[in-house]
Amino acid sequence: MMPEGPLDEMAADLVIPAKSGIYIAKSEVIVLAHLVEGSLRVNERRRMLADVLKSPDSLEGLMALVSRLMDFTQAHLDRYAELAEAFPAMAPSLAPWREKAARTLGRLADVREQMEDETEL
């Protein structure tokens, strides 16, 4: 068995909504796998997402995948904002989810920035 690495850790964090502020369904992981032309076994979401994150064969491919995850996270943030605006009484309940999703977006942006720095070397 291979030891778990940073991509496994990222996948584990992303699939726990209470940690990440987002929900990634198996069907969405499958779509991501098709977009990066990665092979994927249907399994638990954490394992599936880890496999997808490990699928790109280049740093540029991984950066593109992280950008897609950033877009996905931003869509959650936008939806939370829409719900808070449409239903003001929900705003306090949505606030923790928005904060977690914003942290996730920041973390993904940091990862992407580190990869960009690597490509410049």
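1. A salt bridge here is a side-chain nitrogen of Lys or Arg within 4 Å of a carboxyl oxygen of Asp or Glu. By this rule the count comes to 9 salt bridges. The structure is a predicted model. Side chains of opposite charge can pair when their charged atoms come close.

2. Overall fold. The protein has 6 helices and 0 strands, and along the sequence the pattern reads α-α-α-α-α-α. Its radius of gyration is 15 Å, close to the 14 Å that the globule rule gives for 121 residues, so the protein is as compact as a globular protein of that length. The C-alpha trace spans about 45 × 35 × 25 Å along its principal axes. Of the 121 residues, 37% are buried.

3. Asp-8 and Arg-47. The side chains of these two residues meet in a salt bridge, at 2.9 Å from N to O.

4. Asp-13 and Lys-19. A salt bridge joins Asp-13 to Lys-19, and the closest N and O atoms are 3.1 Å apart. Asp-13 has a relative accessible area of 19%, so Asp-13 is buried, given that buried means under 20%. Lys-19, in helix 2 (residues 17-20), is partly exposed because its relative accessible area is 49%, and the exposed class begins over 50%. From Lys-19 to Leu-83 the separation is 64 residues in sequence and 20 Å in space, C-alpha to C-alpha.

5. Arg-79 and Glu-82. This salt bridge has its closest N and O atoms 3.3 Å apart. Both residues lie in helix 5 (residues 59-86), 3 residues apart, which is about one turn of the helix. Arg-79 counts as partly exposed, at 46% relative accessibility. Glu-82 likewise counts as partly exposed, at 46%.

6. Negative patch. Which residues gather in a patch of negative charge on the surface? They are Asp-110, Glu-113, Asp-117, Glu-118 and Glu-120. Asp-110 lies in helix 6 (residues 91-120). Its relative accessible area is 48%, so Asp-110 is partly exposed.

How values were computed
Residues numbered from 1 in each chain as written. Predicted model: local features only at pLDDT ≥ 70, side-chain atom pairs only at ≥ 80, totals over all residues. Heavy atoms only, no water. Patch = residues over 30% accessible without salt bridge, like charges linked within 9 Å, V, L, I, M, F, W, Y side chains within 5 Å. Areas by Shrake-Rupley, 256 points an atom, 1.4 Å probe, with all protein chains shown as cover. Lys, Arg positive; Asp, Glu negative; His and termini not counted. Charge placed at Lys NZ, Arg CZ, Asp CG, Glu CD. Helix = DSSP H or I, 4+ residues; strand = E, 2+ residues; numbered from the N terminus. Buried < 20%, exposed > 50% of the residue type's maximum accessible area, 1.4 Å probe, protein only. Rg over C-alpha atoms; globule rule 2.2 N^0.38 Å.
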